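Good morning, and thank you for coming. Please look at the sequence and the model together as I go through the main features.

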Amino acid sequence: MPEPPVPQEIRDDDILLALEKVPVEFRGVVLMADVEEFSYKEIAEALKIPLGTVMSRLSRGRKPLRKELAEVARLYGIRPGSEREGKR
Amino acid sequence: MNVLNFDSRQCGRVRRQLDAYLSNELLVETTSEVLKHLESCEACSNELESRVRLREALQRAVGRHLPPERLREAIHQRLRSAQPRFLGGFHTATWALALASMALVVVAGQQWLRVQRARQLVASALKRGVADHLHCAIQAHNYPEVASPPVQLRKKLGPQYAGLLAVVQEKLSGFQVLEAHICSVPDSKRKYVHFIVRGQGTILSVILTRREGESFPVGRFVEAAASSGVDLYKAKPEGTSVAGFETNDYFGFVASDLGQDEMVHLAASLVPALRNALSGRVGTEKAAARAFLIASVCGGLGPSY
């Protein structure tokens, strides 16, 4: 099954709450890549970990973040996604 | 369009690569495969948009709620605590300190990476403009002594860029456009839209080249001059003054042996009009709104020359 889409309207609080639930070792890598926009290679060098570990941590950090936000959307009754997504 | 293929193997493979695609971490061939799939799969395109929204929201939220001053303060506290490890055994209760601790690596440990990258980006981008100016205009002397007729120059530029000729001529008061064409420098496939003009006793180049995922970094690391609502970057490599700027899809350069301030002044007068002319062209060039979104998100993955 595809992952639930991230809601159209995302509040800062939603993001921060969702971020808090991401394990810290994954959270840091996600922030370095998606906020600080460091390359995977730079992250690997900075943290002194293999490139594969960076990618693994990114995957394991981003996925729960999306899941948490989809759950927030469901709780608030926000209809996730666009009309096109509704056609699925 | 097949909206039922979202769970196909191909969709699954593409979705596993979407984040790397957004981070510009895929090989060129893989990027092409992803783009090709996105063009024909609405479900995956929606998934891409969803991830773009998340990334933008993440940047916005962290930026608003963890301003740099607070981040730095938290980092200094962290440094004073002389905690050798920041990952293992790290059990802070607040998200802010967690963010700061993780950012310790970024700001305190690897800050030089950003500075270095910013400087390299600016220098390498500006050198491209200078290289084309020196190679094409100065060394190869690829311009006539008497200005070519505008109709001939427009033909050389082609329909994509013919409209820019009038902009350059109008905005560079006191200069005459001698030549305009598409060119390149040795050992590079990069194409340059090159206007060679004469004035103030010298030859000056106005050059545009498509950004290929690169961008001038924003921040204090570069020498920038805010003018006409745009940042202008200046340098003087190889004795040539150059002022650089960027539009949505292009780097632009004004280069000559005049002073750097003069280059900045001329670039400032050119940029708004060039941006308008280019944005109009780009708007018609890209057929699909989704393709435009993808290109803008990925920093210039537009059609190549």
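This is a predicted model: local features need pLDDT of at least 70, side-chain atom pairs count only at pLDDT 80 or more; totals for chains, interfaces and linings use all residues.

What percentage of the 88 residues in chain A is buried? Buried residues make up 38% of chain A; a residue counts as buried if 20 or more other C-beta atoms lie within 10 Å of its own, as exposed if 12 or fewer do, and as partly exposed in between, with C-beta atoms placed from the backbone.

Residues are numbered from 1 along each chain as its sequence is written, while chains are lettered from A and ligands numbered from 1 in the order in which they are written.

Let me stay with chain A. Chain A has 5 helices and 0 strands, where helices (H or I, at least four residues) and strands (E, at least two) are DSSP runs numbered from the N terminus. Among its contacts between residues at least 6 apart in sequence, 72% join residues at least 24 apart; a contact requires C-beta atoms, placed from the backbone, within 7 Å.

In helix α1 of chain A, residues 12-20, the buried residues are A:Asp14, A:Ile15, A:Ala18 and A:Leu19. Seen down the axis of α1(A), these buried residues fall within an arc of 130°, so they line one face of the helix; the arc is that of the directions from the helix axis to the C-beta atoms. In general, an α-helix has 3.6 residues a turn, so residues three or four places apart point the same way.

How confident is the predictor about chain A, in terms of mean pLDDT? The mean is 74, and 70% of the residues in chain A reach 70 or more, pLDDT being the predictor's confidence in each residue, from 0 to 100. Confidence in chain A is highest in helix α4, residues 51-76, at a mean of 84, and lowest in helix α5, residues 83-86, at 34. Over residues 79-88 of chain A the pLDDT is below 50, although this stretch has 20 contacts in the model beyond near neighbours in sequence.

I turn now to chain B. Its secondary structure comes to 10 helices and 7 strands, and 34% of its 305 residues are buried.

Helix α1 of chain B, residues 9-22, has 14 residues and should span 20 Å at 1.5 Å a residue; its end C-alpha atoms are 20 Å apart, which agrees. The expected span is 1.5 Å times one less than the number of residues. Among the buried residues of α1(B) are B:Val14, B:Asp19 and B:Leu22. After α1(B) comes B:Asn24, with a positive phi near 60°.

Finally, the cores. The largest nonpolar core has 47 residues, and those with the most contacts inside it include B:Leu126, B:Val242 and B:Val254; such a core is a set of buried Ala, Val, Leu, Ile, Met, Phe, Trp, Tyr and Cys residues joined through C-beta atoms within 7 Å. Helix α9 of chain B, residues 260-285, gives the largest share of this core, 9 residues. Apart from it lies another core, of 23 residues, among them A:Val30, A:Leu69, B:Leu58 and B:Val62.

Why is B:Leu126 classed as buried? It has 24 other C-beta atoms within 10 Å. B:Leu126 is found in helix α6 of chain B, residues 111-139, and its contacts beyond four places in sequence include B:Tyr233, B:Val242 and B:Phe253.

Definitions and conventions:
Two residues are in contact if their C-beta atoms, placed from the backbone, lie within 7 Å.
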